[in-house]
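The following note is intended for a first reading of the model. Please keep the sequence and the structure in view while working through the numbered points.

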Amino acid sequence: MIKAFLFDLDGVIVDTAVFHYKAWKRLANQLGFDIDEEFNETLKGISRMDSLDAILKHGGISLSQESKDKYAKIKNDWYLELVNKMTVNDILPGVEIFLKETSFLGIKIALGSASKNASLILEKTGIIDLFDAIIDGNHVSRSKPDPEVFLKGAEALGVEKEACVVFEDAFAGIQAAKAAKMRAVGIGSAEVLYNADLITKGLFEMSPSEIITKLL
Ligand code: B16
Ligand code: MG
């Protein structure tokens with residue numbers, strides 16, 4: 001029996017990866033090096049500080065914790081300039097109808113994101129009320145692939161983990177879902193997300209009922 005759907009944010013509900021990329025690239029350029037789109041792929045689903053550590057390593061730079069905190073804040077301010085311009089038009093195709101149909105089926109909905117800006121993004125895009133629980137980077141101490149974010153989501157919804165389905169676009173996110181003993185739907189390519197139970201290109205491709213049928 002499936003009772004809850006837990007959604008990652010970036011890459012599943014909205015495409016904020018492009019904003020993260022612009023802001024991180026600007027920071028890297030200010031520090032005297034560059035990052036490309038291929039490197040940016042490795043940052044998907046990774047927390048802000050872990051992303052900064054990976055970028056600094058990529059640029060061969062070592063900084064004190066104080067400087068890292070300063071640069072993480074500068075990047076986030078640039079990122080928020082872009083997030084603050086988001087509207088309903090930034091929701092990925094099929095997402096709104098998928099969430100409404102999920103709710104109609106009596107299935108609970110939670111967000112399970114590494115982002116500390118998740119609530120702001122859901123407010124800007126006008127879909128925050130469709131979520132029964134929001135677990136984000138402000139509520140967890142361990143990043144995906146640790147299952148903490150999804151286990152806390154199930155707990156907040158009052159649903160046992162075996163009855164939860166996770167929707168994720170990042171390899172680390174599918175690993176987190178599997179570590180939580182949940183079913184995982186990968187949004188993206190089967191080559192990258194080979195550990196998912198089911199793969200789809202996006203929430204526009206299958207209805208919630210079709211997904212449940214395929215998973216059971
Ligand atoms: P913030 P998700 C993740 O979102 C992004 O994929 C990742 O690139 C970002 O570093 C992380 O959130 C933290 O975001 O700086 O806003 O706290 O895919 O877990 O929804
Ligand atoms: Mg993601």
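1. In this predicted model, F171, V192 and Y194 make a nonpolar surface patch of about 310 Å².

2. Is F171 buried or exposed, or does it lie in between? Its relative accessibility is 31%, so F171 counts as partly exposed.

3. Other residues of α8 are buried, namely A172, G173, I174, A176 and A177. The cover over the buried residues of α8 includes helix α7 (148-157) and the strands β4 (164-168) and β5 (183-187). Just after α8, K181 takes a positive phi of about 65 degrees.

4. Six strands form an open sheet with parallel pairing, and their order is β3-β2-β1-β4-β5-β6. At the edges stand β3 (133-135) and β6 (198-200), each of which pairs on one side only. On average, neighbouring strands of this sheet are turned by 20 degrees against each other, direction ignored.

5. Within the sheet, strand β1 (residues 4-7) runs parallel to β4 and is joined to it by four bridges. Here F7 stands opposite F167, a residue of β4.

6. Which strands does α8 touch where it packs on the sheet? The helix α8 touches β4 and β5, and its direction makes about 170 degrees with that of β5.

Terms used
Residues are numbered from 1 along each chain as its sequence is written. Chains are lettered from A and ligands numbered from 1 in the order in which they are written. This is a predicted model: local features need pLDDT of at least 70, side-chain atom pairs count only at pLDDT 80 or more; totals for chains, interfaces and linings use all residues. Side-chain values use heavy atoms; hydrogens and water are left out. Patches are made of residues with over 30% relative accessible area and no salt bridge: like charges are joined within 9 Å, nonpolar side chains (Val, Leu, Ile, Met, Phe, Trp, Tyr) within 5 Å. Accessible areas come from the Shrake-Rupley method with a 1.4 Å probe; for residues, only the protein chains shown count as cover. A salt bridge is a side-chain nitrogen of Lys or Arg within 4 Å of a carboxyl oxygen of Asp or Glu. Buried means under 20% relative accessible area, exposed over 50%, partly exposed in between (1.4 Å probe, protein chains only). Helices (H or I, at least four residues) and strands (E, at least two) are DSSP runs, numbered from the N terminus. Contact means heavy atoms within 4.5 Å. Two strands pair if DSSP finds at least two bridges between them. Axes are lines fitted to C-alpha atoms, for helices over the stretch in contact, and angles run from 0 to 180 degrees between N-to-C directions.
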